[in-house]
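The sequence and structure come first.

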Amino acid sequence: MTTQHLIQQIHQKQSFLCVGLDVDLTKIPEHLLQYEDPIFEFNKRIIDVTHDLAVSYKPNTAFYEAYGIKGWKSLEKTIRYINEKYPDIFTIADAKRGDIGNTSSMYAKAFLEDLDFDSVTVAPYMGKDSVEPFLAFENKHTIMLALTSNEGAFDFQTLEVNGEELYKKVIATSKTWKNSQNLMYVVGATKAEYFSEIRKIIPDSFLLVPGVGAQGGSLSEVCCYGMNTNVGLLINSSRGIIYAASGMDFAEKARAEALKIQQEMQRILANR
Ligand SMILES: O=c1ccn([C@@H]2O[C@H](COP(=O)(O)O)[C@@H](O)[C@H]2O)c(=O)[nH]1
(Lines give C-alpha, C1' and ligand atoms only; values in the text may rest on other atoms or scores of the structure.)
Protein backbone atom coordinates (compact mmCIF):
# COMPACT_ATOMS: atom_id res chain seq x y z
CA MET A 1 0.00 0.00 0.00
CA THR A 2 1.26 3.47 -0.81
CA THR A 3 1.49 6.17 1.87
CA GLN A 4 -1.00 8.22 -0.17
CA HIS A 5 -3.54 5.41 0.06
CA LEU A 6 -3.04 5.20 3.82
CA ILE A 7 -3.55 8.96 4.18
CA GLN A 8 -6.71 8.75 2.09
CA GLN A 9 -8.04 5.95 4.34
CA ILE A 10 -7.31 8.05 7.44
CA HIS A 11 -9.39 10.93 6.07
CA GLN A 12 -12.17 8.66 4.87
CA LYS A 13 -12.52 6.83 8.20
CA GLN A 14 -11.60 9.85 10.35
CA SER A 15 -9.33 7.48 12.18
CA PHE A 16 -5.65 6.74 12.57
CA LEU A 17 -6.25 3.78 14.87
CA CYS A 18 -4.18 0.62 14.63
CA VAL A 19 -5.67 -2.35 16.47
CA GLY A 20 -3.06 -4.68 17.93
CA LEU A 21 -3.85 -8.38 17.50
CA ASP A 22 -1.80 -9.76 20.40
CA VAL A 23 -3.71 -12.94 21.05
CA ASP A 24 -3.07 -14.80 24.27
CA LEU A 25 -5.02 -18.07 24.62
CA THR A 26 -5.29 -17.56 28.38
CA LYS A 27 -7.15 -14.28 27.83
CA ILE A 28 -9.60 -14.99 25.04
CA PRO A 29 -13.21 -15.97 25.78
CA GLU A 30 -13.54 -19.59 26.81
CA HIS A 31 -16.23 -20.43 24.27
CA LEU A 32 -13.73 -19.85 21.42
CA LEU A 33 -11.39 -22.57 22.68
CA GLN A 34 -13.67 -25.24 21.20
CA TYR A 35 -12.73 -24.17 17.66
CA GLU A 36 -9.86 -25.79 15.78
CA ASP A 37 -8.08 -22.43 15.49
CA PRO A 38 -9.21 -20.25 18.42
CA ILE A 39 -6.66 -17.53 17.63
CA PHE A 40 -7.99 -17.03 14.12
CA GLU A 41 -11.62 -17.21 15.30
CA PHE A 42 -10.86 -14.50 17.88
CA ASN A 43 -9.06 -12.29 15.32
CA LYS A 44 -11.80 -12.72 12.72
CA ARG A 45 -14.44 -11.50 15.14
CA ILE A 46 -12.32 -8.56 16.35
CA ILE A 47 -11.51 -7.55 12.76
CA ASP A 48 -15.12 -7.82 11.59
CA VAL A 49 -16.34 -5.48 14.34
CA THR A 50 -13.54 -2.90 14.14
CA HIS A 51 -12.58 -2.66 10.44
CA ASP A 52 -14.63 0.50 9.85
CA LEU A 53 -13.04 2.24 12.86
CA ALA A 54 -9.40 1.32 12.23
CA VAL A 55 -7.00 1.92 9.36
CA SER A 56 -4.47 -0.67 10.47
CA TYR A 57 -3.99 -4.01 12.23
CA LYS A 58 -0.78 -5.03 13.95
CA PRO A 59 -0.33 -8.64 15.00
CA ASN A 60 2.75 -8.90 17.20
CA THR A 61 4.38 -12.09 15.89
CA ALA A 62 5.53 -13.15 19.38
CA PHE A 63 1.94 -14.03 20.24
CA TYR A 64 1.83 -16.43 17.27
CA GLU A 65 5.37 -17.82 17.40
CA ALA A 66 4.71 -18.79 21.03
CA TYR A 67 2.25 -21.43 19.78
CA GLY A 68 4.64 -23.03 17.27
CA ILE A 69 3.46 -24.11 13.85
CA LYS A 70 -0.22 -23.73 14.85
CA GLY A 71 0.42 -20.13 15.85
CA TRP A 72 2.20 -19.37 12.58
CA LYS A 73 -0.76 -20.83 10.66
CA SER A 74 -3.11 -18.59 12.66
CA LEU A 75 -0.97 -15.58 11.70
CA GLU A 76 -1.04 -16.62 8.05
CA LYS A 77 -4.82 -17.07 8.09
CA THR A 78 -5.27 -13.72 9.83
CA ILE A 79 -3.23 -11.72 7.30
CA ARG A 80 -4.88 -13.53 4.36
CA TYR A 81 -8.30 -12.75 5.85
CA ILE A 82 -7.51 -9.04 6.20
CA ASN A 83 -5.93 -8.79 2.73
CA GLU A 84 -8.85 -10.54 1.04
CA LYS A 85 -11.78 -9.08 2.96
CA TYR A 86 -10.42 -5.61 3.88
CA PRO A 87 -7.72 -4.77 1.30
CA ASP A 88 -7.70 -1.06 2.25
CA ILE A 89 -6.37 -1.83 5.73
CA PHE A 90 -2.66 -1.18 6.35
CA THR A 91 -1.09 -4.26 7.93
CA ILE A 92 1.93 -4.35 10.23
CA ALA A 93 3.90 -7.43 11.19
CA ASP A 94 5.33 -6.40 14.54
CA ALA A 95 8.32 -8.74 14.40
CA LYS A 96 11.22 -6.38 15.32
CA ARG A 97 13.68 -8.14 13.01
CA GLY A 98 17.12 -7.13 11.71
CA ASP A 99 20.29 -9.18 11.09
CA ILE A 100 23.25 -9.35 8.70
CA GLY A 101 22.19 -8.44 5.16
CA ASN A 102 21.42 -11.83 3.62
CA THR A 103 19.43 -12.88 6.71
CA SER A 104 17.49 -9.60 6.74
CA SER A 105 16.61 -10.22 3.09
CA MET A 106 14.99 -13.50 4.10
CA TYR A 107 13.08 -11.86 6.96
CA ALA A 108 11.86 -9.19 4.55
CA LYS A 109 10.79 -11.82 2.02
CA ALA A 110 8.93 -13.77 4.74
CA PHE A 111 6.87 -10.83 5.98
CA LEU A 112 6.55 -8.55 2.95
CA GLU A 113 6.37 -11.10 0.13
CA ASP A 114 5.21 -14.47 1.45
CA LEU A 115 2.82 -13.24 4.16
CA ASP A 116 2.24 -10.04 2.16
CA PHE A 117 2.11 -7.59 5.08
CA ASP A 118 2.30 -3.91 4.10
CA SER A 119 5.02 -3.34 6.66
CA VAL A 120 7.30 -4.94 9.22
CA THR A 121 8.97 -3.53 12.32
CA VAL A 122 12.77 -3.69 12.55
CA ALA A 123 15.34 -3.03 15.25
CA PRO A 124 18.12 -0.71 14.03
CA TYR A 125 20.90 -1.88 16.37
CA MET A 126 22.82 -3.73 13.60
CA GLY A 127 22.83 -0.67 11.36
CA LYS A 128 22.44 0.20 7.69
CA ASP A 129 23.11 -3.19 6.06
CA SER A 130 20.63 -4.86 8.42
CA VAL A 131 17.78 -2.49 7.50
CA GLU A 132 18.34 -1.72 3.80
CA PRO A 133 17.21 -5.20 2.60
CA PHE A 134 13.74 -4.41 4.03
CA LEU A 135 13.66 -1.03 2.27
CA ALA A 136 14.11 -2.57 -1.17
CA PHE A 137 10.44 -3.64 -1.41
CA GLU A 138 8.34 -1.21 -3.42
CA ASN A 139 5.15 0.07 -1.77
CA LYS A 140 6.09 -1.77 1.42
CA HIS A 141 7.20 -0.06 4.61
CA THR A 142 9.84 -0.69 7.22
CA ILE A 143 8.94 0.61 10.65
CA MET A 144 12.12 1.17 12.61
CA LEU A 145 12.26 1.35 16.40
CA ALA A 146 13.18 4.95 17.23
CA LEU A 147 12.13 5.67 20.82
CA THR A 148 10.25 2.79 22.39
CA SER A 149 7.43 2.97 24.93
CA ASN A 150 9.05 0.90 27.67
CA GLU A 151 11.13 2.06 30.65
CA GLY A 152 14.21 0.35 29.18
CA ALA A 153 14.19 2.93 26.37
CA PHE A 154 16.22 5.09 28.77
CA ASP A 155 18.97 2.44 29.07
CA PHE A 156 20.43 3.14 25.61
CA GLN A 157 18.15 5.12 23.32
CA THR A 158 18.39 8.42 25.19
CA LEU A 159 22.10 8.14 26.04
CA GLU A 160 24.21 11.04 24.77
CA VAL A 161 26.77 10.02 22.16
CA ASN A 162 29.07 12.84 21.04
CA GLY A 163 26.61 15.39 22.44
CA GLU A 164 23.54 13.92 20.74
CA GLU A 165 20.96 11.48 22.06
CA LEU A 166 21.35 8.10 20.41
CA TYR A 167 17.76 7.81 19.18
CA LYS A 168 18.15 11.14 17.33
CA LYS A 169 21.38 9.97 15.72
CA VAL A 170 19.71 6.70 14.66
CA ILE A 171 16.73 8.50 13.10
CA ALA A 172 18.92 11.09 11.31
CA THR A 173 21.31 8.43 10.00
CA SER A 174 18.47 6.25 8.72
CA LYS A 175 17.42 9.09 6.40
CA THR A 176 20.66 8.61 4.43
CA TRP A 177 19.97 4.92 3.69
CA LYS A 178 18.92 3.66 0.25
CA ASN A 179 15.11 3.80 -0.23
CA SER A 180 14.70 5.63 3.08
CA GLN A 181 11.38 6.96 1.71
CA ASN A 182 10.01 3.53 2.73
CA LEU A 183 10.80 4.12 6.41
CA MET A 184 8.34 4.76 9.21
CA TYR A 185 9.30 4.94 12.89
CA VAL A 186 8.09 3.53 16.21
CA VAL A 187 7.78 6.16 18.93
CA GLY A 188 6.07 5.25 22.21
CA ALA A 189 2.98 7.15 23.34
CA THR A 190 4.47 7.18 26.83
CA LYS A 191 7.20 9.53 25.51
CA ALA A 192 4.87 12.31 24.26
CA GLU A 193 7.29 15.07 25.32
CA TYR A 194 9.87 13.78 22.82
CA PHE A 195 7.65 14.06 19.74
CA SER A 196 8.47 17.73 18.95
CA GLU A 197 12.20 16.95 18.81
CA ILE A 198 11.57 13.89 16.66
CA ARG A 199 9.39 15.89 14.26
CA LYS A 200 12.32 18.32 13.74
CA ILE A 201 14.29 15.41 12.22
CA ILE A 202 11.49 13.59 10.38
CA PRO A 203 8.65 16.07 9.82
CA ASP A 204 6.97 14.05 7.08
CA SER A 205 7.37 10.44 8.16
CA PHE A 206 4.63 8.24 9.57
CA LEU A 207 5.07 7.28 13.21
CA LEU A 208 3.66 4.06 14.66
CA VAL A 209 2.75 4.92 18.23
CA PRO A 210 2.14 2.07 20.68
CA GLY A 211 1.47 2.72 24.35
CA VAL A 212 -2.01 4.21 24.65
CA GLY A 213 -4.51 2.11 26.60
CA ALA A 214 -2.80 -0.52 28.75
CA GLN A 215 0.52 1.40 28.97
CA GLY A 216 -1.16 4.70 29.89
CA GLY A 217 0.06 6.99 27.07
CA SER A 218 -2.09 9.99 26.15
CA LEU A 219 -3.63 10.17 22.68
CA SER A 220 -4.24 13.92 22.87
CA GLU A 221 -0.65 14.69 23.95
CA VAL A 222 0.81 12.53 21.19
CA CYS A 223 -1.38 14.30 18.62
CA CYS A 224 -0.49 17.71 20.01
CA TYR A 225 3.26 17.16 19.52
CA GLY A 226 3.42 14.47 16.85
CA MET A 227 0.77 15.14 14.23
CA ASN A 228 1.85 16.58 10.87
CA THR A 229 -0.12 17.94 7.91
CA ASN A 230 -0.84 14.40 6.66
CA VAL A 231 -1.71 13.27 10.21
CA GLY A 232 1.44 11.12 10.12
CA LEU A 233 0.43 8.94 13.06
CA LEU A 234 -0.81 5.41 13.54
CA ILE A 235 -1.86 5.00 17.14
CA ASN A 236 -1.83 1.41 18.35
CA SER A 237 -3.87 -0.10 21.13
CA SER A 238 -3.82 -3.87 21.66
CA ARG A 239 -4.94 -5.11 25.10
CA GLY A 240 -7.11 -2.04 25.74
CA ILE A 241 -9.32 -3.00 22.78
CA ILE A 242 -9.14 -6.75 22.26
CA TYR A 243 -9.48 -7.67 25.94
CA ALA A 244 -12.14 -5.10 26.82
CA ALA A 245 -14.29 -8.06 27.91
CA SER A 246 -13.87 -11.82 28.08
CA GLY A 247 -17.46 -13.09 27.85
CA MET A 248 -19.82 -13.75 24.94
CA ASP A 249 -19.98 -9.97 24.37
CA PHE A 250 -16.20 -9.55 23.90
CA ALA A 251 -16.47 -8.38 20.27
CA GLU A 252 -19.17 -5.83 21.07
CA LYS A 253 -17.07 -4.46 23.96
CA ALA A 254 -13.95 -4.35 21.78
CA ARG A 255 -15.87 -2.33 19.21
CA ALA A 256 -17.05 0.06 21.92
CA GLU A 257 -13.42 0.68 23.00
CA ALA A 258 -12.29 1.17 19.40
CA LEU A 259 -15.21 3.54 18.80
CA LYS A 260 -14.22 5.66 21.82
CA ILE A 261 -10.73 6.10 20.40
CA GLN A 262 -11.98 6.73 16.84
CA GLN A 263 -14.40 9.40 18.11
CA GLU A 264 -11.58 11.14 20.00
CA MET A 265 -9.50 11.00 16.81
CA GLN A 266 -12.36 12.50 14.81
CA ARG A 267 -12.59 15.38 17.31
CA ILE A 268 -8.84 15.95 17.12
CA LEU A 269 -8.92 15.97 13.30
CA ALA A 270 -11.81 18.44 13.28
CA ASN A 271 -10.05 20.83 15.67
CA ARG A 272 -6.53 20.90 14.25
O1 LIG B 1 7.94 0.63 21.84
C2 LIG B 1 7.13 -0.28 21.64
C3 LIG B 1 7.17 -1.07 20.51
C4 LIG B 1 6.22 -2.03 20.34
N5 LIG B 1 5.24 -2.22 21.25
C6 LIG B 1 4.23 -3.26 20.97
O7 LIG B 1 2.96 -2.63 20.79
C8 LIG B 1 1.93 -3.37 21.41
C9 LIG B 1 1.35 -2.59 22.56
O10 LIG B 1 0.35 -3.35 23.20
P11 LIG B 1 -0.63 -2.77 24.36
O12 LIG B 1 -1.38 -3.98 24.79
O13 LIG B 1 -1.53 -1.74 23.70
O14 LIG B 1 0.22 -2.18 25.41
C15 LIG B 1 2.58 -4.70 21.83
O16 LIG B 1 2.50 -5.59 20.74
C17 LIG B 1 4.02 -4.29 22.06
O18 LIG B 1 4.91 -5.37 21.91
C19 LIG B 1 5.19 -1.44 22.37
O20 LIG B 1 4.31 -1.58 23.23
N21 LIG B 1 6.14 -0.48 22.53
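## Terms and model

Ala, Val, Leu, Ile, Met, Phe, Trp, Tyr, Cys and Pro are counted here as nonpolar, Asp, Glu, Lys and Arg as charged, and the others, Gly among them, as polar. The model is predicted: local features need pLDDT of at least 70 and side-chain atom pairs count only at pLDDT 80 or more, while totals for chains, interfaces and linings use all residues. Residues are numbered from 1 along each chain as its sequence is written, and side-chain values use heavy atoms, with hydrogens and water left out.

## Around the ligand

The shell around the ligand consists of four nonpolar, seven polar and five charged residues. Of these 16 residues, D22, S149, Q215, S238 and R239 come nearest (a residue is near if one of its heavy atoms lies within 4 Å). Strands β3 (90-97) and β10 (233-237) each supply at least two residues of the shell (strands are DSSP runs of E, at least two residues, numbered from the N terminus).

A polar side-chain atom of S149 lies 2.6 Å from a nitrogen atom of the ligand. For N60, a polar side-chain atom lies 2.9 Å from a ligand oxygen atom. A polar backbone atom of S238 is also 2.9 Å from an oxygen atom of the ligand. The protein buries 88% of the 460 Å² that the ligand exposes when taken alone (areas by the Shrake-Rupley method, 1.4 Å probe).

## The nonpolar core

The largest nonpolar core has 88 residues, of which L6, F16, V19, F42, L233 and I235 touch the most other members. Such a core is a set of buried Ala, Val, Leu, Ile, Met, Phe, Trp, Tyr and Cys residues joined through side-chain atoms within 4.5 Å, where buried means under 20% relative accessible area (1.4 Å probe, protein chains only).

Note on methods. A polar contact is a pair of N or O atoms within 3.5 Å; within protein, one must be able to donate a hydrogen and the other to accept it, and residues adjacent in sequence count only if both atoms are side-chain atoms. Helices (H or I, at least four residues) and strands (E, at least two) are DSSP runs, numbered from the N terminus. Buried means under 20% relative accessible area, exposed over 50%, partly exposed in between (1.4 Å probe, protein chains only).
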